[in-house]
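Okay, thanks for coming, everyone.

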Amino acid sequence: METQKSLIFNGQLVDDWGSAIPNAAVQFWQTDTNGLYDHPLFAARNNKEQAKLDPTFQYFGTSVTDSEGSFSFKTHRPGIYSARPITHIHFKVFTIDNNSGEKRLRLTSQFYFADEFLKFSHLLQLELSNITDANGLPAMAANKKIAINMGGGGTERLTPWQQEGPYYPEVDFFAYDSDLTNVTETTTTVLNGWDEPTASPTLQVGEGELTAAPVMIQDFADRSEKVISTTLETSHAYFGNMFDVTAKNDVMIESMKLHIRSLEMESLEIWTKQESFIKSIRNESDWILIGQTKARGKGEGTFTPLAPRSFDPVVIRGGTVQGFYVTLESENMLFAEKGTKIGDVFTSNEDMEIHVGTAVQYAFGWNGPSNVWNGMLEYSTNFTGMPTRAVSNTPSLSPIVTIQKSLVYSSAANGGGNNDFQVGCTIFILGISYFLSYIVLWV
């Protein structure tokens, strides 16, 4: 069997002023070269046996930054899997208070590869070069800076957040080193202050303190499968729709059905983001592409199902909002114009609410007035084979909370009074956009 080239990743972690951050932990997790995650949920969903995993590959690891903020990983370029044929590496960044020992989750995101010509921010795209490693073997190299918001009000362009996804490793992550090509045989952690038990760390987000509840793993077969649908009533067709979902309980969206007027094979994309879509209609870098697939339309009056595993499952924690962008490359997506405003709740059940959204030109183009996405979400509750957090009175650990608190407190620390002005400008601009879009699309 041909030996896989190693990928040597060298990075630097900086704050919002571009200053190096020492003694922070960066976590990587990814698939092996065959596109397999070391995670029970992935195994259950894809009928992959644990024995098929690569015993020589570690799948996840931690690197701690030095005095210059530098860190490194040795890994392989990940493989792809059918639900998401995009090469990507997940990562998280934690800082630690040297006095209290408290850990703070600062960033969750993903790196992509520039040679795949994807629609992601250049801050997340890796350029590869060919090198010779320390053993004289051919290898690949990538270098990237990660900039995180430390509340200093600096002007450094920050690394965008991306969705964690459902395959965050169920291990004591800090116990695994940064060489993913060589399985760690010890359970002691990496460096400086990261060696205490980490199964239930205390995390801080912005100025609020969060305590992680114990992780519970359930049997995959015990999950409850449910659906929620909007309507087949339709008044217009366009490329796609953006809309929000608010979860009342922890849910995992696994599939969906669309309303497509054609009877032809249609190419479609599914994007998602934490928080509402409303400020990200044209900002591709705010979104993560979770599925690219094709579906044959069933015509008006019938929902069109997607093939199994057409996109990565999306976990939405109770009490949080998730934005979705579902789009065709043609103007055949049907929706209803119901006379309500964007953000209103159109339908709900005991688990979630689907809100009124807007039609959007492919891709991330002009948007129209308020409308209701025609579709059905298929989802699970009590989902299993992945970590779920015990319900408590403490705030959620979801990165959506992190984003909200860091932005709010960062703005307040730098004068605060500009917030109302910025929000007012945003609302005014959006209002003008909706008016012009209405004229362009519907008149």
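This is a predicted model: local features need pLDDT of at least 70, side-chain atom pairs count only at pLDDT 80 or more; totals for chains, interfaces and linings use all residues.

Before we start, one term: when I say polar contact, I mean a pair of N or O atoms within 3.5 Å; within protein, one must be able to donate a hydrogen and the other to accept it, and residues adjacent in sequence count only if both atoms are side-chain atoms. Residues are numbered from 1 along each chain as its sequence is written, and side-chain values use heavy atoms, with hydrogens and water left out.

So, the overall picture. The protein has 3 helices and 28 strands; these are DSSP runs numbered from the N terminus, helices being H or I with at least four residues and strands E with at least two. Of the 443 residues, 52% are buried. Buried here is under 20% relative accessible area, exposed is over 50%, and partly exposed is in between, with a 1.4 Å probe and protein chains only. As for contacts, I use heavy atoms within 4.5 Å. Take the contacts between residues at least 6 apart in sequence: 79% of them join residues at least 24 apart.

Next, the inside. A nonpolar core, for me, is a set of buried Ala, Val, Leu, Ile, Met, Phe, Trp, Tyr and Cys residues joined through side-chain atoms within 4.5 Å. The largest one has 42 residues, and F9, F28, V93 and I146 have the most contacts inside it. Elements giving two or more residues to this core include β1 (6-14), β5 (88-96) and α1 (40-46). There's also a second, separate core of 41 residues, with F120, L124, V251 and Y379 among its members. Back to V93: leaving aside neighbours within four places in sequence, its contacts include L13, L107 and I146.

Let's move to T159, in the loop between β9 and β10 (202-205). T159 is buried, at 7% relative accessible area. What does its side chain do? A polar atom of the T159 side chain sits 2.9 Å from the backbone nitrogen of A147. Beyond four places in sequence, T159 also contacts F91, L124 and I146, among others.

Now over to strand β15 (residues 240-247), where we find T246. T246 is buried too, with a relative accessible area of 17%. Which side chain does the T246 side chain make a polar contact with? That's H355, at 2.8 Å.

What about the neighbouring strands? I call two strands paired if DSSP finds at least two bridges between them. β15 and β21 pair in the antiparallel sense over 7 bridges, with F243 standing opposite F324 in β21. Strand β17 (residues 265-274) pairs with β21 as well, antiparallel and over 7 bridges; there, E269 has T327 as its bridge partner. β21 itself (residues 321-328) is mostly covered, with 7 of its 8 residues buried.

Last stop: G297, in the loop between β18 (288-296) and β19 (304-305). Is G297 buried or exposed? Buried, at a relative accessible area of 4%. Not counting residues up to four places away, G297 touches I260, S262, L263, E264 and T304. G297 and E266 are 31 residues apart in sequence, yet 6.9 Å apart in space, C-alpha to C-alpha.
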